[in-house]
Amino acid sequence: MAKLTGSYEAIIVTSLKNGEEQAKSLVEKFSNMISENGTMENVNEWGKRKLAYPINYETDGYYAVYTFTAAPEFPAELNRVMGITDGVLRSIIVNK
């Protein structure tokens, strides 16, 4: 029998070149997307952090960690949207 839902964790690093408010709006955008397609358990905003190495000539990023449950198809769509969204420096989604 197929698994109906899975437990996932997504980490996102957003750009701060347009300000911290823009980064927070991206965090909110992905929170809404996850809530519409699954069950949000937690959003842990780490805030502004120094990157280990420059990404696109940026040395700081805004970090957020999402914990959620969703259908197995949703993480691929979330990853696709994160990949094409301006302002997202890095993201990863893992099955817990």
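## A salt bridge to start with

Glu 77 and Arg 80 join their side chains in a salt bridge, with 2.8 Å from N to O. Keep in mind that what you're looking at is a predicted model. The structure has one salt bridge.

Where do Glu 77 and Arg 80 sit relative to one another? Both belong to helix 2 (residues 74-84), and because they are three residues apart there, about one helical turn separates them. Glu 77 is partly exposed, at 32% relative accessible area, and Arg 80 is partly exposed too, at 45% relative accessibility.

## Helix 2 and its two sides

Now for the rest of helix 2. Its buried residues are Phe 74, Pro 75, Leu 78, Val 81 and Met 82. Around the axis they cover an arc of only 125°, so they sit on the same side of helix 2.

Turn to the other side of helix 2 and you'll find Ala 76, Gly 83 and Ile 84, which are exposed. As for the buried residues of helix 2, their cover includes strand 1, helix 1, strand 3 and strand 4.

## Helix 1, end to end and face to face

Helix 1 runs over residues 20-37, which makes 18 residues. From its first C-alpha to its last it reaches 26 Å, close to the 26 Å expected at 1.5 Å a residue. Which residues of helix 1 are buried? They are Ala 23, Leu 26, Val 27, Phe 30, Ser 31, Met 33 and Ile 34. Look down the axis of helix 1 and these buried residues fall within an arc of 165°, so they line one face of the helix.

The face of helix 1 turned away from that buried side carries Glu 21 and Glu 36, both exposed. On the buried side, the packing partners are strand 1 (6-15), strand 2 (38-55), strand 3 (58-70), helix 2 and strand 4 (88-95).

Setting aside neighbours within four places in sequence, Ser 31 is in contact with Met 40, Val 43 and Tyr 66.

In soluble globular proteins, nonpolar side chains tend to be buried together. Here, the largest nonpolar core has 19 residues, and Ile 12, Phe 30, Tyr 66, Phe 68, Phe 74 and Leu 78 have the most contacts inside it. At least two residues of this core come from each of strand 1, helix 1, strand 3 and helix 2. Beyond its neighbours within four places in sequence, Ile 12 is in contact with Phe 30, Tyr 62, Tyr 63, Ala 64, Tyr 66, Met 82, Val 88, Arg 90 and Ser 91.

There's also a second, separate core of five residues, with Val 13, Ile 55, Tyr 63 and Leu 89 among them. Val 13 is found in strand 1 and is buried, at 7% relative accessibility. Its contacts, leaving aside neighbours within four places in sequence, are Leu 51, Gly 61, Tyr 62, Tyr 63, Gly 87, Val 88, Leu 89 and Arg 90. Compare Val 13 with Leu 78: they are 65 residues apart along the chain, and their C-alpha atoms are separated by 14 Å.

## Rings that pair up

How many aromatic pairs are there? The count comes to three. Trp 46 is in strand 2 and Tyr 63 in strand 3, so the pair ties together parts that lie 17 residues apart in sequence. Trp 46 is partly exposed, at 39% relative accessibility, whereas Tyr 63 is buried, at 17%.

Phe 68 and Phe 74 also make an aromatic pair, this one edge-to-face, with 6.0 Å centre to centre and 80° between the planes. Phe 68 is buried, at 0% relative accessibility, and Phe 74 is buried as well, with a relative accessible area of 7%.

Note on methods. Residues numbered from 1 in each chain as written. Predicted model: local features only at pLDDT ≥ 70, side-chain atom pairs only at ≥ 80, totals over all residues. Heavy atoms only, no water. Salt bridge = Lys/Arg side-chain N within 4 Å of Asp/Glu carboxyl O. Helix = DSSP H or I, 4+ residues; strand = E, 2+ residues; numbered from the N terminus. Buried < 20%, exposed > 50% of the residue type's maximum accessible area, 1.4 Å probe, protein only. Expected span 1.5 Å × (residues − 1). Arc of directions from axis to C-beta. Contact = heavy atoms within 4.5 Å. Core = buried A, V, L, I, M, F, W, Y, C linked by side-chain atoms within 4.5 Å. Phe/Tyr/Trp six-rings, centres within 6.5 Å; stacked < 30°, edge-to-face > 60°.
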